[in-house]
Amino acid sequence: MASLTGKQRIWLVGATSGIGLALGQHLLAEGHRVALSARRREALEELAQDHKDALVVPLDLNDRQSIRSAGQRIDAEFAGLDLVIHNAGTCEYLDVRHFDVDLIERVLATNVNGALYTIDAALPLLRRARDRDGSHPLFAAVSSASAYLPLPRAEAYGASKAALSHFLESLRLDLAAENIDVSIIHPGFVKTPLTDRNDFSMPMRVSPEFAADAIIKGLEKRALDIHFPRRFTFGIKLMGILPPALRRRIGLTMTRKSDD
Ligand SMILES: NC(=O)c1ccc[n+]([C@@H]2O[C@H](COP(=O)([O-])OP(=O)(O)OC[C@H]3O[C@@H](n4cnc5c(N)ncnc54)[C@H](OP(=O)(O)O)[C@@H]3O)[C@@H](O)[C@H]2O)c1
């Protein structure tokens, strides 16, 4: 398994299951100081037990104040952050026959606004680590390979992740002058509770441990675009740059037929 150099102060948002849980287990085992966030306090406490450097900081991405308070709590304990991994997110697919605006708003709010609230809370802590301790801070967020290519039923999820990736790419340009890096993580399919709900085939689905390893390797290199498994994500990237008529033809092969 890959490792991160030094002993880092890390805020991991979305640490209770799937990719985030695998990341949290690994980062704690490596001895980093890790602030663990998500909604489910008990699951966070279970992850933190036996790790004196873990800090349990529950929050809800749909509650901006809870994220602000989490940031203040982490600042009081860690006095700055070297690395933030915003991993939390949700996925719901749209059945366009029953156009569900509430569903779309839920996904956009959680995946886009939630990330903005984390950035808002984290930036002062990243700046403090840089100014006080000479750290070279890194903000990373988990987007999705679906940001590369619009797919059927993924109007809400794909748009939320494309918005997140676009936002972070802009942010990276503006933070460069401040010596704060931004990494965007684009996983393909990973076996987690989020994808266990899916009723369609998920080619090249990898384990959460594989995902955590690929992410940590990418963060260690401070890669701008961390994507895996590569055979899958290169294919999706390639499809994403095809002419629109060809993209449409490929996309249509993935739409649902009548009542399936
Ligand atoms: N699995 C995949 O194939 C795949 C592919 C591409 C991208 N991703 C992205 O990877 C990230 C992790 O997904 P996963 O597959 O590991 O899913 P998961 O097992 O469902 O984990 C989602 C994590 O996000 C947290 N979370 C969800 N809603 C939240 C909210 N409102 N407030 C705070 N925390 C919240 C959950 O914790 P609580 O329930 O305790 O709040 C949990 O820790 C997501 O951003 C997802 O979009 C996943």
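1. Let's start with V56, which sits in strand β3, residues 54-56. Bear in mind throughout that this is a predicted model. Is V56 buried or exposed? Its relative accessibility is 14%, and the cut-off for buried is under 20%, so V56 counts as buried. Setting aside neighbours within four places in sequence, V56 is in contact with L36, R41, L44, E45, A48 and R73. Have a look at V34 too: V56 and V34 are 22 residues apart along the chain, and their C-alpha atoms are separated by 8.6 Å.

2. Next, H26, which you'll find in helix α1. With 15% relative accessibility, H26 also falls under the 20% cut-off and therefore counts as buried. Which residues does H26 touch, not counting those up to four places away in sequence? They are M1, A2, S3 and I216.

3. In soluble globular proteins, nonpolar side chains tend to be buried together. Here the largest nonpolar core has 34 residues, and L23, L36, I85, L219 and F228 are the ones with the most contacts inside it. Helix α7, residues 208-220, gives the most to this core, namely six residues.

4. Now the ligand. How many residues surround the ligand? There are 29, and the closest are S17, R39, Y157, V190 and T192. Sorted by class, the shell has 13 nonpolar, 12 polar and four charged residues. Helices α1 (18-29), α5 (155-176) and α6 (193-196) each supply at least two residues of that shell. The largest share, three residues, comes from α6.

5. A few atom pairs at the ligand deserve a look. In the side chain of T192, an N or O atom is 2.6 Å from an oxygen atom of the ligand. The side chain of R39 has an N or O atom 2.7 Å from a ligand oxygen atom. With L61 the backbone takes part: one of its backbone N or O atoms lies 2.8 Å from a nitrogen atom of the ligand. As for cover, the ligand taken alone exposes 880 Å², and the protein buries 94% of that.

6. Some backbone geometry to check by eye. The peptide bond from F228 to P229 is cis, with omega near -15°. P229 lies in the loop between β7 (225-228) and α8 (230-240), while F228 is one of the residues with the most contacts inside the largest nonpolar core.

7. Lastly, R153 and M204 have positive phi values without being glycines. For R153, phi is near 70°, and the residue lies in the loop between β5 (138-142) and α5. R153 is partly exposed because its relative accessible area is 24%, between the 20% and 50% cut-offs. For M204, phi is about 60°, and its place is in the loop between α6 and α7. M204 has 38% relative accessibility, so it counts as partly exposed as well.

Definitions and conventions:
Residues are numbered from 1 along each chain as its sequence is written. This is a predicted model: local features need pLDDT of at least 70, side-chain atom pairs count only at pLDDT 80 or more; totals for chains, interfaces and linings use all residues. Side-chain values use heavy atoms; hydrogens and water are left out. A nonpolar core is a set of buried Ala, Val, Leu, Ile, Met, Phe, Trp, Tyr and Cys residues joined through side-chain atoms within 4.5 Å. Buried means under 20% relative accessible area, exposed over 50%, partly exposed in between (1.4 Å probe, protein chains only). Helices (H or I, at least four residues) and strands (E, at least two) are DSSP runs, numbered from the N terminus. A residue is near a molecule or strand if one of its heavy atoms lies within 4 Å of it. A polar contact is a pair of N or O atoms within 3.5 Å; within protein, one must be able to donate a hydrogen and the other to accept it, and residues adjacent in sequence count only if both atoms are side-chain atoms. Accessible areas come from the Shrake-Rupley method with a 1.4 Å probe; for residues, only the protein chains shown count as cover. Ala, Val, Leu, Ile, Met, Phe, Trp, Tyr, Cys and Pro count as nonpolar, Asp, Glu, Lys and Arg as charged, and the others, Gly among them, as polar. Contact means heavy atoms within 4.5 Å.
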